[in-house]
Amino acid sequence: METKGNKLKTDTPGERKRLSKFDSSEEIGDFNYEKFHSACAEIFQPDEMEQERLKLREIFDLFDSNKDGVLTGREWKTFFNWLTLKPVNALLIVDVQNDFIDGSLALRRCGCNQDGADVVEPINRLIKNACFDKIIYSLDWHPENHISFYENLDLRELHVDSKVTKENAKAFDTVIFADPYVEQILWPKHCVMNTWGAELHKDLIIAPGSEQVCKGQNSEVECYSVFFDQNSEGSMKLQSILRKSGVNYVYVCGLAYDVCVKATCLDGLRLGHAIAVIDDCCRGVDDSNIESAKQQIAKNGGLITNSSDVLLMVNGKKRSIIMSYQLARSMTSIPFPETFANN
C-alpha cells in the first residue's frame, strides 16, 4: 500500500491533463493572484472555492513572501511543488478497543451515551474502499499501576492544591497528585496491557501492511495524543511512521472524540501536519466536550469532514482547500501562533 515517494504528479489522468499547462519548472513572471486562482480551479471544486475564497487568498499570501503580488523565484517553485504534489494519505484509527466499547470505560455508560461500536462499520468501509497509503492503529496500553486509574488512587499522595481529597474522590473526578505534580482525571481502570480490554475490537478490520502505536505505557504519565507517546523521553513512533511513508495528509478517527482524538488532532496540527477528523467515524464521552473539540480542531486549521467525502478525497476525486492550506503552511515554514488553542 505504501507509495514510492511524495513528490510526484497526481495519479489521476484527468487532473494530470488539467495541470499540464503548469507542468514546467520555469516560472511565469506575472503569476499574480488571478492566475493562482485559475490554477487552483483545476484541482478544487467550484463550490468549495467560493466557500473558502478567503482561505485561497491566505494560501497565495503564504507563497508571496515578499508581498509584491506575484510569485517569482523560490515563491513560484514552492507554489508549483504545492500545486503538483501527490497526496499521500494516512488513516489514523485511535483506540478502537474493547474497554471503550464493551468494557470498563464503555462510552455508552458515559455522559452522552454514545456507542463506541458505531465507529467500526464506517471505519471498515474506509479501510476496504479508500486507497490509503498508510493505515495506523493506536492503542491505549497501560500498566496495572497507571496514574490515571481511579482504582490506584491509594498508590500516590495528593498535593495540597487538590480540591478533591482521597476520601471524597470518585471516578471521573479531577485530582492533583504530589509526585509527579500533575492534574489528572481519574478514569476507571482500562486498557491494561495484554488484557482483553486493551485489544482492538474483534470486528475492526486490521489492514495488511498497517502499523500499530501503543501509548500510555509510562505509569506516571497520562498520554492522550498519539503524536506524543511518552513511554520514554523523545519517543515519537507515529512521527517516524508518517515521515518514513512520506505522508502529507492525515485522516483521524476513533475513540474518544473529546479526549484522545481531540488531543491527537491538535498535536498533529501543531506539528505542521495536514489533519482532518472524520466526524461520523468518532464517538465521545460528553456532548458539550465533543462540540468543543470540533471547534478547537477547526479553529486551529483542521478539517471536520465525513467518511463519504474522505472516500472522494483519498481516491483522487476531490481535494480539500483547508487541508491544502495546512500543507502550504508547512511548505512555507509558517508556524502556528503561540496562542495556539489547546483547551
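Colleague: Does Glu157 count as buried or exposed, and at what relative accessibility?

Modeller: Buried means under 20% relative accessible area, exposed over 50%, and partly exposed in between, with a 1.4 Å probe and protein chains only. Glu157 counts as exposed, at 56% relative accessibility. Please note that this is a predicted model, in which local features need pLDDT of at least 70 and side-chain atom pairs count only at pLDDT 80 or more, while totals for chains, interfaces and linings use all residues. Residues are numbered from 1 along each chain as its sequence is written, and side-chain values use heavy atoms, leaving out hydrogens and water.

Colleague: Which residue does Glu157 meet in a salt bridge?

Modeller: A salt bridge is a side-chain nitrogen of Lys or Arg within 4 Å of a carboxyl oxygen of Asp or Glu. Here Glu157 pairs with Lys166 at 3.7 Å, N to O, and Lys166 is partly exposed, with a relative accessible area of 24%.

Colleague: How many salt bridges does the structure hold?

Modeller: There are 18 salt bridges. One of them joins Arg156 to Glu220, with the closest N and O atoms 2.9 Å apart. This pair links distant parts of the chain, 64 residues apart: Arg156 lies in the loop between β2 (134-140) and β3 (174-177), and Glu220 in the loop between β5 (211-215) and α8 (237-245). Helices (H or I, at least four residues) and strands (E, at least two) are DSSP runs, numbered from the N terminus. Arg156 is buried, at 7% relative accessible area, whereas Glu220 is partly exposed at 29%.
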